[in-house]
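Please open the model in your viewer and keep the selection panel at hand.

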Amino acid sequence: MPELPELNPVIHGKLRLALLSLLVGVEEAEFTWLRAKTGSTDGNLGAQLLKLEEAGYVTVEKKFVQRKPQSIYRITEGGRAALTEYVRALKQLLGGAIGA
Amino acid sequence: MTANAEELELKDRLSLIESMIAEGRRTTESWGWTFVLWGVAYYVAIAWDILGHNPWAWVITMTIAWLLMMAILWYKAKQQTEKKPSTRAGRSISSIWTALGISMMLLFPAMGFSGRFTPQTFVAVAGAMLGMTNAASSMILKWKAQLACAVVWWVAGAVACFTNVTQCTIVFLAAIFFGQIVFGIYAMICESRRRNQEANHA
């Protein structure tokens, strides 16, 4: 029987998974847009984005626009590959569950 | 956790990924009004040119239409509470329309000032350019209605080659009506429906 894959714990968190999935469909996104789409609080969103950043899955660019701070997030190639791998593993696990 | 609950959890993760990717790619931009604006601008320029016999009618009207569009875009951007993310599709579409605008702004005045301007050439070239740009947009957006709009412009451009000045003007007026005004209003209705759907989902 083939060994079932393990799911990447960094991506498995629901909010982090939602964030990576949002970022994979766009070139870049602002913090406020990510907050609106996920319905998360500033603190939680910031913490989860930091975890993704530390894992090398997203990059952040902080700047000031009309004297207001702006944080722009982009998914990295590593983040894209990790999400692809996560989906593959998820489908394999679900295939195993369906087959069981 | 039981096997069944775990399976549900995994399926939940998969549907979360799908819905978030779709959310990110969903274009909420509204451009229908620009088609109507330019359609009206073309009508104003034609009327001014024919009735007023002003050689600057097109240059002045097109410049005012462009300034008006920029002012509306600036105002809309200022009204937004959160900046929408840029997508590859959005950037592709805006780049081909920008390229069209630059091409038209360079070519048509040059044709006019060099004395090589004829209504038939103008409609043929404008029709081909607008047809190409609408077709490219429709292929990126996978939107058949815009492909129909492209066909209107292509047909107008080709037909213009076989017409006299009066017939050519009629062809151009008809193409503006269907390709700009009717399509622009249709696009605005679609955009309004989509916004309402999103508001209901939120």
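Select Leu15(A), Arg16(A), Leu19(A) and Leu20(A) in α2(A), and then Asn44(A), Gln48(A), Leu49(A), Lys51(A) and Leu52(A) in α4(A): these two sets of residues meet. By class, the residues of this contact comprise 5 nonpolar, 2 polar and 2 charged. This is a predicted model.

Next, display the two helices as axes. Two packed helices are described by the angle between their axes and the distance between the axes. For α2(A) and α4(A), the packing angle is about 70° and the axes are 10 Å apart. Because angles of 65 to 115 degrees count as roughly perpendicular, α2(A) is placed roughly perpendicular to α4(A).

The strands form an open sheet of 3 members in the order β1-β3-β2 (chain A), with antiparallel pairing. At its edges are β1 (29-30) and β2 (58-65) of chain A, each of which pairs on one side only.

Now select β2(A) together with β3, residues 68-75 of chain A. These two strands pair in the antiparallel sense over 8 bridges.

From Val65(A), move to Gly39(A). The C-alpha atoms of these two residues are 24 Å apart in space, and the residues are 26 apart in sequence. Gly39(A) is located in the loop between α3 (31-38) and α4 (42-54) of chain A. Is Gly39(A) buried or exposed? Gly39(A) counts as exposed because it has 10 C-beta neighbours inside 10 Å, and the limit for that class is 12 or fewer.

Then show both chains and select their contact. Chain B contributes 20 residues and chain A 21 residues. On the side of chain B that touches chain A, the largest share, 13 residues, comes from helix α1 (residues 3-25) of chain B. That side of chain B has 8 nonpolar, 3 polar and 9 charged residues.

Finally, colour chain A by pLDDT. The mean for chain A is 88, and 91% of its residues reach 70 or more. Among the elements of chain A, α4(A) has the highest mean pLDDT (95), whereas helix α5 (residues 77-99) of chain A has the lowest (85). Where pLDDT is low, the predicted coordinates should not be read in detail.

Technical notes
Residues are numbered from 1 along each chain as its sequence is written. Chains are lettered from A and ligands numbered from 1 in the order in which they are written. This is a predicted model: local features need pLDDT of at least 70, side-chain atom pairs count only at pLDDT 80 or more; totals for chains, interfaces and linings use all residues. Two strands pair if DSSP finds at least two bridges between them. Helices (H or I, at least four residues) and strands (E, at least two) are DSSP runs, numbered from the N terminus. Two residues are in contact if their C-beta atoms, placed from the backbone, lie within 7 Å. Ala, Val, Leu, Ile, Met, Phe, Trp, Tyr, Cys and Pro count as nonpolar, Asp, Glu, Lys and Arg as charged, and the others, Gly among them, as polar. A residue is buried if 20 or more other C-beta atoms lie within 10 Å of its own, exposed if 12 or fewer, and partly exposed in between; C-beta atoms are placed from the backbone. Axes are lines fitted to C-alpha atoms, for helices over the stretch in contact, and angles run from 0 to 180 degrees between N-to-C directions. Angles under 35 degrees count as roughly parallel, over 145 as roughly antiparallel, 65 to 115 as roughly perpendicular and the rest as oblique. pLDDT is the predictor's confidence in each residue, from 0 to 100.
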